[in-house]
Every structure is written in C-alpha cells, then in structure tokens.
Amino acid sequence: MSLRRIVVVSKDPEVQQLAQEYGQEVFGADNLADALDVVQTVNPDLMLFDHRFGPRHIHEFRNRADKNSIDVPIVVVGIDDNNTDLSTEFIQTGIYDYLKSSQDYAQLEQIINRIKITSKTSNHSEQNTSHFFAEDLAGSVSMVGCSKAILNTLKMIKLVAASRCNPILIVGETGTGKELAAKAIHTLRHPNEQFVAVNCAALTANLLESELFGHVKGSFTGADREKTGLMELAQSGTLLLDEISEMPINLQAKLLRVLQEKSFRKVGGIKNIACSATIIASSNRNLKNEVKANRFRRDLYYRLNISPITLAPLRSQERRQDIRLLAQYFLETSTICPQKCGKITSLTELAFEALERHDWPGNVRELSNVIERAILLETTDKIGLNAIYIDPTQWSEVSDGLTPGLIKDFSLAKAERELIARALQKTGWQKTRAAALLGITRATLYAKVKQYNIEKDSYIANGPVKQEQNEVSASSLSKPVAAP
Ligand SMILES: Nc1ncnc2c1ncn2[C@@H]1O[C@H](COP(=O)(O)OP(=O)(O)OP(=O)(O)O)[C@@H](O)[C@H]1O
Ligand SMILES: [Mg+2]
C-alpha cells in the first residue's frame with residue numbers, strides 16, 4: 001500500500017523512514033516556507049508533519065496553502081492520544097488525521113486507503129472534459145483553449161454562425177483547427193443537416209468539378225451513370241472546400257458563379273439545381289498573396305473574404321498559453337493506449353516547458369501527435385522529458401536548441417548535469433525548489449552539484465546550458481530519498 005508522492009516535513013529520521021515506506025517518491029522540507037514551495041511544485045498526495053511543529057504552525061501553513069489554492073491532506077506524526085486537548089487542537093487546524101507515533105503503521109494504512117478512495121472519486125468526476133472548453137460554447141464547440149486568440153476566434157465563430165454569412169472563409173496555418181472551426185459553425189448553424197468536405201488539392205480539375213457538381217450520364221468518357229455532386233448532397237447543410245487556394249482557376253470562376261446565383265448545373269447538364277448549403281472555404285495559404293501571384297481570382301477572394309475567421313498559429317504570443325491546456329487535454333482524451341488510460345495523469349513541469357519552447361510548425365495536430373507518442377513511451381504516471389520526442393525535421397530555425405528530441409550524444413551524466421543546471425537557473429538557485437522540480441531531495445541535489453562542479457558564476461559566465469542531447473526525465477535521475 002503506497003501513495004505516489006509524499007512530502008515529509010520533519011528532521012526526525014523515523015518519520016522520514018515512514019514516508020519512504022509508504023511513498024513511491026518522497027520529498028523533504030525543513031521548514032514551512034520550503035514545504036509550501038515543494039508542495040506547489042510536486043503536488044503530493046500526502047504531507048507528513050512532525051508534531052514538533054505544533055498546532056499554531058500547522059494552522060499557519062494551512063492558511064498559506066489555502067491562499068495558494070493548495071489542498072493536500074496533512075497527517076501529523078507523534079500526537080499523544082491521551083493528551084485530548086492537544087489532539088483536539090491539532091484536529092481543529094483542519095489536518096486530515098494524526099498518528100500516535102512513527103510506528104503507527106495500521107493507522108497510516110487506513111489513512112492512505114481513505115485518501116485513495118477520495119482521489120478516485122474526484123478523478124472520476126474529472127472524466128468530464130468540459131472544463132477544457134470555453135464556457136459559453138461548451139457542448140457545441142469542442143475547441144480547447146483559453147488564450148485571447150482562441151476566445152476571439154470562438155466569438156467570431158458564434159457571430160458568423162448566427163448570421164446569414166455565406167460563403168465563409170477560414171484561414172490559418174496547417175493544423176491550427178480550421179476543420180474543427182468549420183464543424184463548429186456547422187453545429188451551431190444547422191446541427192441536424194449534412195456536413196460534407198472536399199479537399200481541393202487532392203483531385204484533378206475534372207474530377208473535382210464532377211465531385212462538386214456531379215455529372216450527367218455520358219458527359220465525359222467513363223461517365224457511365226449519373227452522379228450526384230457534394231453540393232447537392234450537402235442540401236441545406238455545410239459544404240467545406242478545404243485548401244481552396246489549390247482549386248484550378250477555371251473552376252474558381254464556376255464556383256464564383258454558384259456563390260452569386262445560388263444554383264449550379266451538373267457537368268454536362270442543363271438543369272439548374274438550387275444550392276442552399278453553407279459554403280465554407282478554408283486555406284492555409286495567404287490568399288491575398290495568391291491573388292497577387294495570379295493563382296487565385298481576385299473577385300472570388302473578395303466574395304469569400306467578408307468576415308474571415310482566423311486561427312492563430314500555436315507559437316504566436318496570443319495563443320502560446322493554450323499549449324499546456326491542449327497537451328493536458330490530448331493526454332486525458334487519448335485512446336492510443338487503453339491499458340494506460342487514466343494512469344498517466346499529467347506532464348512534468350520540464351516537459352510542459354519543453355512543449356512551450358517548441359515552435360509547432362504543425363500546430364495543434366503536431367502537438368497531439370507528440371502527446372500520443374509520449375503516452376506510448378512513458379512508463380511512469382507523469383509524462384517526462386524523455387518521453388517527449390519532437391521530430392527534428394519539424395524544428396524551426398528560430399528554435400533555441402533547448403528542445404528535446406535531437407539526439408547527438410547519449411551521455412547520461414552530461415544530460416543530468418545540464419538538467420540540474422537548468423533547474424537551478426530556472427529557480428534562481430533556490431535549491432529546495434530546484435530539487436523538487438527535479439524530483440530529488442536537497443541532499444541529493446547538493447551532492448550532484450558538487451559531483452558535477454556546477455557553479456552559479458561559471459554557469460552564468462558560460463551562458464545558457466546548451467541541450468545537445470536527449471534530456472533525461474527528472475524522475476530518472478535517481479530515486480528520491482528523504483531529506484536529512
Ligand atoms: N482548439 C483545439 N482543441 C482541440 N483539438 C484541436 C484544436 N485545434 C485543432 N485540434 C485538433 O488538431 C487536429 C488538426 O485540426 P484541423 O484538422 O481542424 O486543422 P486544419 O487547420 O484543418 O489543418 P490542415 O490545414 O492541415 O487541414 C485535429 O485532430 C483537431 O481535432
Ligand atoms: Mg483541414
């Protein structure tokens with residue numbers, strides 16, 4: 001019987017030993033300020049406090065934890081049962097429970113059981129993923145994001161969907177969510193109608209024309225029976241013309257006519273067929289540039305570009321903050337590895353940071369792929385840096401060289417030294433926080449700093465640590481031990 005992470009706030013070796021026995025990972029803190037830092041960083045399942053801290057200190061800690069929205073069960077070790085006044089005083093501080101001594105194993109096991117049951121129930125209710133979506137659209141539009149950019153896009157989607165705007169243009173780089181946005185508009189505007197999509201880049205001019213408008217029998221060689229086109233199939237639903245910039249120029253002229261006249265003819269046909277579908281065109285190319293280069297008709301561009309919906313690239317300042325939320329969302333909703341379903345709960349801070357540093361040329365699709373691969377590779381309950389593999393061919397030129405995935409050198413010691421130096425730099429050389437970030441104790445951190453001769457000044461003088469090889473995950477550095 002054990003818990004994932006225990007933070008022990010005690011100098012007593014017996015209490016530390018107890019934590020070691022019941023925690024898969026144990027983190028130590030000497031005082032209340034350190035304890036708060038560590039807890040904030042590692043998000044433990046339980047805190048073991050030494051009774052020497054007294055009710056006043058525990059009360060103070062809980063107040064500070066509350067202010068930081070930290071809610072972790074606290075168990076105080078070493079409270080004499082016979083002293084009812086004292087135990088009541090401790091209970092009144094809001095602790096989860098107490099142990100009479102560091103040998104009170106049966107009681108601790110009961111407590112752990114209770115904690116596990118409570119966390120299972122709360123995890124269960126978290127299966128609902130609606131918290132990932134913008135509130136007022138939850139349920140109808142499954143676009144994850146909290147950034148200003150995505151909220152603006154959602155606002156625009158709502159406005160356009162509620163209007164009669166037709167056609168609608170959606171622009172954005174590859175993988176930014178244009179098709180998702182098109183489906184959102186469709187769901188908001190006519191949820192019970194057909195949604196049909198065609199990729200204009202995937203078909204030759206003739207095939208695309210007959211795919212869109214259909215053809216009559218005998219209209220060209222091989223047209224041995226009549227065909228209904230997608231425009232007709234969509235009826236009063238939505239037709240998505242994906243990658244509109246790739247539509248051959250003569251077909252662009254025909255499309256413009258359909259948009260103006262709201263009717264079309266099948267290839268080889270003479271009958272006008274009414275078109276009542278919402279036409280959405282999407283493009284990952286800058287259509288204005290395509291017009292300048294004479295590859296796209298100016299009149300069609302103006303017809304489409306009435307209230308364009310823009311999806312910002314993931315790397316843009318206005319959207320970067322969605323990276324964490326999207327990563328967590330893909331982790332929680334992935335079905336790639338059913339055996340691991342619900343077992344990997346999050347990503348380590350360093351893994352999140354690595355994701356935030358990447359430029360995501362493939363945008364949300366690339367991020368989703370990286371998380372799926374990480375789920376396959378990860379063996380612990382948190383995705384660490386070593387499971388994050390970013391395709392080096394997808395690196396952008398402006399990448400700072402810190403992103404993991406480029407394996408030049410497999411020296412574990414070198415990677416460990418660099419990771420430690422990075423953690424120290426990130427925390428401004430606050431050793432308790434750095435140790436917690438790395439998943440090791442302060443004692444281990446001190447030993448490693450000495451072993452690798454990492455110095456604050458020399459480190460700064462050498463500039464930022466260059467990540468030349470695959471990083472190791474914090475948890476693989478060494479098995480954490482309790483602080484002395
Ligand atoms: N905001 C988002 N929330 C959740 N998933 C998203 C979001 N944006 C995109 N995705 C997912 O990312 C993937 C790519 O999205 P989508 O196909 O809509 O992109 P696209 O812009 O049409 O790409 P392309 O230009 O390559 O066709 C899909 O699996 C989609 O579900
Ligand atoms: Mg698309």
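Buried means under 20% relative accessible area, exposed means over 50%, and partly exposed lies in between (1.4 Å probe, protein chains only).

## About the model

This is a predicted model, in which local features need pLDDT of at least 70, side-chain atom pairs count only at pLDDT 80 or more, and totals for chains, interfaces and linings use all residues. Residues are numbered from 1 along each chain as its sequence is written, chains are lettered from A and ligands numbered from 1 in the order in which they are written, and side-chain values use heavy atoms, leaving out hydrogens and water.

## Nonpolar cores

A nonpolar core is a set of buried Ala, Val, Leu, Ile, Met, Phe, Trp, Tyr and Cys residues joined through side-chain atoms within 4.5 Å. The largest one has 32 residues. Leu 212, Met 231, Leu 239, Leu 241 and Ile 244 touch the most other members. Helix H10 (residues 249-261) gives this core its largest share, 5 residues. Helices (H or I, at least four residues) and strands (E, at least two) are DSSP runs, numbered from the N terminus.

What does Ile 244 touch? Leaving aside residues up to four places away in sequence, its contacts (heavy atoms within 4.5 Å) are Cys 200, Leu 255, Ala 281, Ser 282, Ser 283, Leu 287, Phe 296 and Leu 304.

The structure holds 21 salt bridges. Each is a side-chain nitrogen of Lys or Arg within 4 Å of a carboxyl oxygen of Asp or Glu.

One of them joins Arg 64 and Glu 60, at 2.8 Å from N to O. Both residues lie in helix H3 (residues 54-67), 4 residues apart, about one turn of the helix. Arg 64 is partly exposed, at 32% relative accessibility. Glu 60 is partly exposed too, with a relative accessible area of 32%.

## Salt bridges across the chain

Arg 315 pairs with Glu 173 in a salt bridge, with the closest N and O atoms 2.5 Å apart. Arg 315 sits in the loop between strand E14 (309-311) and helix H13 (322-333), and Glu 173 in the loop between strand E6 (168-172) and helix H7 (178-189), so the pair ties together parts 142 residues apart in sequence. Arg 315 is partly exposed at 28%, and Glu 173 is partly exposed at 26%.

Arg 324 forms a salt bridge with Glu 349, with the closest N and O atoms 2.9 Å apart. This pair links distant parts of the chain: Arg 324 is in helix H13 and Glu 349 in helix H14 (residues 349-357), 25 residues apart. Salt bridges with shared partners also join Arg 4, Asp 45 and Asp 381 into one network.
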